[in-house]
Number of protein chains: 2
Amino acid sequence: MTDVKTPINPLFLREEELRQGIELLFFAYRDFTAEPDAILAEYGYGRAHHRVIYFVGRNPGMTVSDLLAILRITKQSLSRVLGQLVDEGFITQRPGTVDRRQRLLELTEKGTELERQLTERQRARFAAAYRDAGAEAVEGFRKVMLGLIDEADRPRFPQRGPGWR
Amino acid sequence: MTDVKTPINPLFLREEELRQGIELLFFAYRDFTAEPDAILAEYGYGRAHHRVIYFVGRNPGMTVSDLLAILRITKQSLSRVLGQLVDEGFITQRPGTVDRRQRLLELTEKGTELERQLTERQRARFAAAYRDAGAEAVEGFRKVMLGLIDEADRPRFPQRGPGWR
DNA sequence: TCTTTACGTCAGTCATGTTGACATATATCG
DNA sequence: CGATATATGTCAACATGACTGACGTAAAGA
C-alpha cells in the first residue's frame, strides 16, 4: 500500500504540477500589478485606469466597443474611468470618419508619458525574467499562456511569420 | 533612414515582445478567473473567498498570519471574508498547540468540496494548456513565471530534486 | 421610415480593498 | 514577576471598481 502523497505516484505529480501553475499565476499577477498600483495611487487613480491607458496606447484610434471587449466590463464601469481620463487630459476622443457614432480613443502627450511611466516597471520585470530564463523558455512561456487564454482571444497573438527575426 | 516601427529594428522587436508578455498575463488572468467567479456568485461569494479557500486547502493548519502574508491584504479585509467562511461552515479554526494565540485554519468537508468544485476548472485549463504545449514548454513557462515573482516569494516553488520524476 | 447600433448617463448596490483606533489573550524577555 | 511584544479580532468610515436596470441621443442600415 503506497502513500497517496508520495511523489512517486503519478497522479499526485500531476496534481502538484497543476497547483504550482495556479499559484505561479497568482503570485506573478500579484507582484506584477503592485508597482504600477503604487504610482497610480499618487494620481488618485486605480488599476482600471492603467488598463485603459495601456490598451489605448497600444491601439491608438480604437473604439469604445473595442475597449469594452478587451476589458470585459460594462460600459457604465468603463465610463467613469474613461471619463476621468478624458476630463483630465490623458485621452482624447474624436468621432470616427467612416462611422461617426464611434469615439476613437487616443492618448495625449500627457497620457503617453503616464503610460510610459506605468508600464516601464512591468516591461523591466518581463525583460529581467526573459533574460534570466532564455529564449527557449520564453517560447514555452508563450505557448502555455496562449493555451490558458480563451480560444476567441488567441488571434490577438499572431504567430511570428517570415517577416520576423 | 529606417522606419522605427519596422520589424527589422531590434529595439522594436524587444518592445513588441515585452508588450506581448504583459498582454498574455492580462488575458490569461482575466480568463482564468472568469469561470470560478461565476460559481462563486451562486454562493454570494467573490474572488477573495476563492483565494482563502484555495490557500487553506493547500496549506492545512496554516495560521492567519501566513494567509495574510500570501494574500498581501490587511487583516480587516481578510476578517470579513474569513469570518463568513467560518460562520458558514467552510473553514474551521483551532488554537495552535505550541502557540495558543494562533488560529490554525482548515477546510471542513463542505469547504473541501467547494474548493474542489472551484479549482477543478482552473486545473482543467492548466492541464489542457500543458498538454498542448508539451513538457519542455511547461519548464520554460515555470522559469519565466518564477522570474516575474518577487524574489522573496520564489522559495515557495522549490526545484525538483532527485526524489522527483 | 423603422430598427438597430454606438455611446452616454443617472441611480442604486455589492465586493473588496484601505486607514485608524482599540481589545484580548498569550508569549517572551529582562 | 512585570513589562513588552505578538497573534488575532473588532468597530467604524471610506474608496474603488465592478454590477444591474432604465432611459436618451445620434447615426447607420434595412
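How exposed is Arg116(B), by relative accessible area? Arg116(B) is partly exposed, at 34%. Point 7 returns to this residue. The model under discussion is predicted.

1. Fold of one chain. Chain A has six helices and two strands. From the N terminus, the order is α-α-α-α-β-β-α-α. The chain counts 165 residues, and 44% of them are buried. Among contacts in chain A with a separation of 6 or more, 47% join residues 24 or more positions apart.

2. Extent of the interface. Chain B puts 61 residues in contact with 62 residues of chain A. Together the chains bury about 6,700 Å², and 68% of that area is on carbon and sulfur atoms. Between the two chains there are 22 residue pairs in polar contact, both partners at pLDDT 80 or more. On the side of chain B that touches chain A, at least two residues each come from H1 (10-43), H2 (47-58), H3 (64-71), H5 (109-133) and H6 (135-148). H1(B) gives the most, with 20 residues. By class, this side has 33 nonpolar, seven polar and 21 charged residues.

3. Charge pairs overall. Over all chains, the structure holds 42 salt bridges. Across the interface of chain B and chain A, the rule finds 14. Side chains of opposite charge can pair when their charged atoms come close.

4. A buried pair between chains. Arg19(A) forms a salt bridge with Glu115(B), with the closest N and O atoms 3.1 Å apart. The pair runs from helix H1 of chain A to helix H5 of chain B. Are its two partners buried or exposed? Arg19(A) counts as buried because its relative accessibility is 11%, under the 20% cut-off. Glu115(B) is buried too, at 6%.

5. Around Arg30(A). This residue sits in helix H1 (residues 10-43) of chain A. At 11% relative accessibility, Arg30(A) counts as buried. Its side chain makes a polar contact of 3.0 Å with that of Asp31(A). Another polar contact, of 2.3 Å, joins the side chains of Arg30(A) and Asp153(B). Beyond its neighbours within four places in sequence, Arg30(A) is in contact with Ala69(B), Ile70(B), Leu71(B), Arg72(B) and Asp153(B). Asp31(A) also reaches across, in a salt bridge with Arg72(B) at 3.3 Å between the closest N and O atoms.

6. In chain A, the side chains of Glu113(A) and Arg116(A) meet in a salt bridge of 3.0 Å, N to O. Both lie in helix H5 (residues 109-133), three residues apart, about one turn of the helix. Glu113(A) is partly exposed at 40%, and Arg116(A) is partly exposed at 35%. In chain B, Arg116(B) and Glu113(B) also meet in a salt bridge, 3.0 Å from N to O. About one helical turn separates Arg116(B) and Glu113(B), because they are three residues apart in helix H5 of chain B. Glu113(B) is partly exposed, with a relative accessible area of 40%.

7. Salt bridges that share partners join Arg30(A), Asp31(A), Glu35(A), Arg121(A), Arg125(A), Arg72(B), Asp150(B), Asp153(B) and Arg156(B) into one network.

Notes: Residues numbered from 1 in each chain as written. Chains lettered and ligands numbered in written order. Predicted model: local features only at pLDDT ≥ 70, side-chain atom pairs only at ≥ 80, totals over all residues. Heavy atoms only, no water. Contact = heavy atoms within 4.5 Å. Buried area = accessible area lost by both parts, 1.4 Å probe. Salt bridge = Lys/Arg side-chain N within 4 Å of Asp/Glu carboxyl O. Polar contact = N/O pair within 3.5 Å; in protein donor to acceptor, adjacent residues only side chain to side chain. Helix = DSSP H or I, 4+ residues; strand = E, 2+ residues; numbered from the N terminus. Nonpolar A, V, L, I, M, F, W, Y, C, P; charged D, E, K, R; others polar. Buried < 20%, exposed > 50% of the residue type's maximum accessible area, 1.4 Å probe, protein only.
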